[in-house]
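Subject: Structure handover

Hello,

Please find below the structure I said I would pass on.

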Amino acid sequence: MKKFSIIFLFFISSLSYGQQTDYVDFLDLRATLTIVPDSSLVRGSASYTFKILKPIDSVFIDAKDMSTCKVLTDLPNNGLSFSYDGSKIWIKGDFKSDSLYVFNLQYEAKPKKALYFLKRKDEWNIWTQGQGKYTSHWLPSFDDVNEKVKFDLTFVFEDDYTIISNGKKMVKGLGTNLKPQSARYKMEHPMSSYLVALVIGKYNKTTEVSKSGIPLEYYYYPQDSLKVEPTYRYSKRMFDFLEDEIGFAFPWQNYKQVPVHDFLYAGMENTSLTIFSDAFVVDSIGFNDKNYVNVNAHELAHQWFGDLVTAKSGEHHWLQEGFATYYALLAERDIFGDNYFYFKLFESAVDLGKQDFSGKGTSLLNPKSSSLTFYQRGAWVLHVLRTKVGDQVFRRAVKNYLEKYKFGNVETSDFILEVERLYGRSLSSFVNLWIKQKDFSVDNAFDLLKKQSTYINEYIMVDCQAKSSKCAEYLNYYVSDEAKVKVISQVPELVTKETFKNSLKVRQAISKYVKKIPKDLKTDYESLLDDKSYVTIEGALYNLWTAFPEERPKYLFKTRNIDGFSDKKVRLLWIILNLNTPFYEADNKQELYNELVRYTNSEYNADLRINAFQYLNLIKSCNEDCLSNLENAKSHHNWRLVKYAKQLSEQLKEKQE
Ligand SMILES: [Zn+2]
């Protein structure tokens, strides 16, 4: 059946008297989906069971832009009619309270978003993103987060690939013997449709078991076995910590984490299946610069805050992001200590203060708030609230809140009421000041931090903006690494031989801020090239190459085999420096230039491509291959790459004219 966009439009008005969830409760969704990658096609058959709560004359399922959509079998209940308007499947009938219905359909979709087909080196990496994109582009489901359903999904795909979805993988039963290959995943509890996920790719996995017995599955590309430990470092520890801290047992059957190519975000907390960007797959050096720990903890915390209890609407979004940010911070505090915890709170208070100063601050309940507000201000609310009511009341209230609303939906007052109940007093002035008010209460936040942490007091005190005579001493005496970094950023010329004896973090600041290298620091500065930090190496290589032209071959030789992260920043810089060192490896220049151009093609990740385009533009050498890759980049699903590609090609065109 094709689209019926005209005939059935009149149904839409029949629901204007309220949300569908007040009238109908969908209980489960069973589907079998065949994924045809070459044509980016999904062919599915799906079965829905729903219960009528109050009499109604029509029921809908969201289904965006299906190419075909029809009833699979005769409807078992007489008098029902079916139609599809290109965005919703409508079932019309005289629905009576307490009756149960089953509805089957067959569809085909070529999703333009929410399900992405990537191919690299002839291998598929297919993944989904439901939040903000609507799962209903590839699986007729429910755009309303308040409709929670038990999913039971079977996927059919080519052999030799791993198929991963929400819930437990079933070994027997419906669909598990389909050809070429099928995998059935079944959820035990209901969830919102935006949390449905699918990943197909070439993966290996390692498994641990949490203290409470939950299987923790860590997926990785077969070539990345050496990166598994640094990438997933602290996973089990954080899982055990959060289960204990939250006081509510992990609500799902297992917990899987899967990196994918060119993901849209850092990570996404699909129920029991976190998908994250493979830019976080790092080796033990990369771990020191940019690691997965925070994202890992954040998405894990969402399994309770977001997945188990879901905000009813955008107004209460902080109940997801604020909680996930706060609990991630607690998990990191357990690993990295109190100073880390307070420093992160300090940094976010500074950012929130700046946001208000620029006039962009909003109430936490404004659905259009920035991520900074939802995430960091939300976390601050919980930190202040816990300080106010005490650990015991806070933790018991969170536990009660989860217990009361599990597998359901929540709003801000639901949480506050649980706290008030145990605290025994009204929190309305707290709610006004910290949650409702437009500005973040930055002065109160700083006062609290100063009371709670001597470390933050010291950090604030150490300030060399005005170049006091004490600043040289700060670098030599014992102040925290963060305070030393601050001094170096403010007065880089104070760095001496002694300063190099500090930690990796302080040495990283030297490579970042000390750009003019005095002769007497040359040897110490060269030692930065041996640090276990790609950020340090990249900065040091550039600064040394610039400062000591006669030593360029030495620096290039020393760093010739370093790639850096998956964005290959160190490698790209190395190529550019090499091309600009005429007497060094003169025969190799063309090959290196070709390598640089190669990184702009679609085989590589978006960040690497952007970096390569940037360098080619810098040396004014975007050749034909580069230009054609630039054109092709404009239709990528990653908006940053698209934006960059469009800007650069405009710029190049202007120059030509
Ligand atoms: Zn989040």
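Predicted model: local features only at pLDDT ≥ 70, side-chain atom pairs only at ≥ 80, totals over all residues.

His 298 sits in helix α5, while Glu 321 sits in helix α6, which covers residues 318-336. These two residues are 23 apart, and the pair links distant parts of the chain.

Are His 298 and Glu 321 buried or exposed? His 298 has a relative accessibility of 9% and counts as buried, because the cut-off for buried is under 20%. Glu 321 has a relative accessible area of 2%, so this residue is buried too.

Nonpolar core

How many residues are in the largest nonpolar core? The number is 213, and the residues with the most contacts inside this core are Trp 318, Tyr 327 and Phe 415. Helix α6 gives the core its largest share, 11 residues.

Leaving out residues up to four places away in sequence, Phe 415 touches Trp 318, Leu 319, Phe 323, Leu 382, Leu 385, Phe 394, Val 398 and Tyr 401.

Cavity

Rolling a probe the size of a water molecule over the atoms shows where empty space is left. Here the count is 1 cavity of 30 Å³ or more, and the largest cavity holds about 30 Å³ of space. Its lining is made of Leu 216, Tyr 218, Ser 235, Phe 239, Tyr 255, Gln 257, Asn 296 and Leu 300. Two or more lining residues come from each of β17 (215-220), α3 (235-246), β18 (255-260) and α5 (293-302). Sorted by class, the lining has 5 nonpolar residues, 3 polar residues and no charged residues.

Two positive phi angles

Most residues other than glycine have a negative phi. Lys 121 has a positive phi, near 45 degrees, and is not a glycine. Lys 121 is in the loop between β8 (115-120) and β9 (123-128). With a relative accessible area of 61%, Lys 121 is exposed, because exposed means over 50%.

Asp 160 also has a positive phi, of about 70 degrees, without being a glycine. This residue lies in the loop between β10 (148-157) and β11 (162-165). Asp 160 is exposed, at a relative accessible area of 63%.

Two more residues

Where is Thr 21? Thr 21 is in the loop between α1 (10-13) and β1 (24-36). Its relative accessible area is 18%, so Thr 21 is buried. Not counting residues up to four places away in sequence, Thr 21 touches Leu 53, Asp 144, Asn 146 and Glu 147. From Thr 21 to Glu 188 there are 167 residues in sequence and 21 Å in space, C-alpha to C-alpha.

Arg 396 is in helix α9 (residues 391-405). With a relative accessible area of 47%, Arg 396 is partly exposed. Arg 396 and Gly 247 are 149 residues apart along the chain, and their C-alpha atoms are separated by 8.0 Å.

Regards

Note on methods: Residues numbered from 1 in each chain as written. Heavy atoms only, no water. 1 Å grid on protein atoms, 1.4 Å probe; cavity = no way out; pocket = protein on both sides within 12 Å on 5 of 7 lines; lining within 4 Å. Points joined across faces, edges and corners; volume = space filled by probe spheres on them. Helix = DSSP H or I, 4+ residues; strand = E, 2+ residues; numbered from the N terminus. Nonpolar A, V, L, I, M, F, W, Y, C, P; charged D, E, K, R; others polar. Buried < 20%, exposed > 50% of the residue type's maximum accessible area, 1.4 Å probe, protein only. Core = buried A, V, L, I, M, F, W, Y, C linked by side-chain atoms within 4.5 Å. Contact = heavy atoms within 4.5 Å.
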